[in-house]
Amino acid sequence: MATPSFQIATIKGDGIGIDVADATLAVIEAAQSRVGGFSLNYQEILAGAGYYRETGLDIEPDGEKMAGVADAIFLGAIGLPSVRYEDGTEIAPHLRLRDIFQLYAGIRPIKAYPNAPQRLADERAAAIDMIILRESTEGLFYSAAVHNRCPVENDAEVQDTLRITRKTTEKLHDFAFNLARKRKEKGTKGIVTCVDKANVFKSMAFFRKIFDERSRAFPDIEKGYNYVDAQALDLIRKPWDFDVLVMENMFGDILSDLAGGLVGGMGMAACGEIGDNHGLFQPAHGTAPDIMGQDKANPLAAILSGSLMLDYLADKAGSQALSDAADVISDAIQSGFSKNSIRPAEFGGDMGTKAVTQEIIRHIQS
Ligand code: IPM
Ligand code: MG
């Protein structure tokens, strides 16, 4: 049988996006050599604020098409504070990619690692292991994604729209329950919490109604509910109680940063954005231009996103080898932290981007 082969589109972007993307590709290569049984071909797409400054385009002319034919897209980070679109907003072609490819399921894992910062003075904090599932195409980002979809925009008033559709919400909740089921097989609690504001907004009551409808197909998974304000409180008070949390786009944008702060901050914030036919993987952090080119960036958010990408391809292709390669990377990170051999400068350690990357590769090869 021929070795299954996958096409990966890479968008390295700006600032530290380039360093952490290179680090991730090196780690993936090590995992691939270790496990074998599949091959990956890369095609780089030029995009970002630097590219915009040079060309007036935020992504190369065929870039969206190239991303569309790939089996997965890997993105470093995009944006430079000094470069803006004419309307003053930041260069963000990836918001458009979410929209074009309908990448509705934004997976943001929040997991405590030994010897990484834990912000809560409670020993239960070591057990934090949850996924914030952020709807990523509609909600309050609906007006922001592609064109200007503001219903009112003049100098006296501006309105944005919060849009919840049945079609996307059904898929989102199914994704949440399936994810909880898959995680439960590996020992997690098997609970999905619907985070909303159903006590105030009709759109949110609709979101919750669809959650209840879809939950009936998953009797093995427990259901929970929380209003978003109470959820913010509970993420500080008892984050170890949660498993999968499903929510609207803007709520997920905010709570995923807050939850990330519990376990080491944006340097650990991995992200996968998945639709019916496409997946884009990127660290949730920005380009940190103040430290670019200094070997200071923590590559772990990107490398963890790389592992999510291999898992996604594994599911798509039904490939055990890809799933093993994803595990080899996450195990190397877990074990490196346990042995205190991964000590990122971001956490006051002595290891820059390259040293952290080399250490993970060493673990994978040993
Ligand atoms: C994120 C980021 C983006 C978002 C920005 C950079 C457009 O904050 O991925 O969370 O708001 O979605
Ligand atoms: Mg954000």
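In which hand does α5 pass α6? I opened my notebook with this, keeping in mind that the model is predicted, and I found that α5 passes α6 in a right-handed crossing.

**Entry 1: α5 and α6**

I looked up the two helices and noted that α5 covers residues 166-185 and α6 covers residues 202-215, with axes that come within 9 Å and cross at roughly 50°. Since angles under 35 degrees count as roughly parallel and 65 to 115 as roughly perpendicular, α5 and α6 are therefore oblique to each other. I then listed who touches whom: on the α5 side the contact is made by Arg166, Thr169, Glu170, Leu172, His173, Asp174 and Phe177, and on the α6 side by Phe206, Phe207, Lys209, Ile210, Phe211, Glu213, Arg214 and Ser215. Sorting the residues of this contact by class, I wrote down six nonpolar, three polar and six charged.

**Entry 2: α1 and α10**

Next I turned to α1 (residues 16-35) and α10 (residues 320-338), whose axes lie 9 Å apart and which pack at an angle of about 125°. The crossing in which α1 passes α10 is right-handed. Here Val27, Ile28, Ala31 and Val35 of α1 meet Ala321, Asp324, Ala325, Val328 and Ile329 of α10, and by class I noted eight nonpolar residues, no polar ones and one charged.

**Entry 3: α1 and α11**

I stayed with α1 and asked at what angle α1 and α11 (residues 353-365) pack. The angle is about 10°, with the axes 9 Å apart, and since angles under 35 degrees count as roughly parallel, α1 and α11 are therefore roughly parallel to each other. From α1 the contact takes in Asp19, Ala23, Ala26, Val27, Ala30, Ala31 and Arg34, and from α11 it takes in Thr353, Thr357, Ile360, Ile361, Ile364 and Gln365. I counted these by class as eight nonpolar, three polar and two charged residues.

**Entry 4: the two domains**

Finally I looked up how the protein chain is divided, and I found domain 1 at 1-103 + 275-366 and domain 2 at 118-147 + 162-262. The centres of domain 1 and domain 2, taken over C-alpha atoms, are separated by 24 Å. Where they meet, ten residues of domain 1 are in contact with ten residues of domain 2. I noted that domain 1 and domain 2 bury about 870 Å² between them, and that 45% of this is on carbon and sulfur atoms. Which residues in domain 1 lose the most area to domain 2? They are Leu95, Arg98 and Asp99, which together make up 46% of what that side buries.

Definitions and conventions: Residues numbered from 1 in each chain as written. Chains lettered and ligands numbered in written order. Predicted model: local features only at pLDDT ≥ 70, side-chain atom pairs only at ≥ 80, totals over all residues. Heavy atoms only, no water. Axes fitted to C-alpha atoms, helices over the stretch in contact; angles between N-to-C directions. Helix = DSSP H or I, 4+ residues; strand = E, 2+ residues; numbered from the N terminus. Parallel < 35°, antiparallel > 145°, perpendicular 65-115°, else oblique. Left-handed = near helix turned anticlockwise from the far one by under 90°. Contact = heavy atoms within 4.5 Å. Nonpolar A, V, L, I, M, F, W, Y, C, P; charged D, E, K, R; others polar. Domains from an automatic or database assignment. Buried area = accessible area lost by both parts, 1.4 Å probe.
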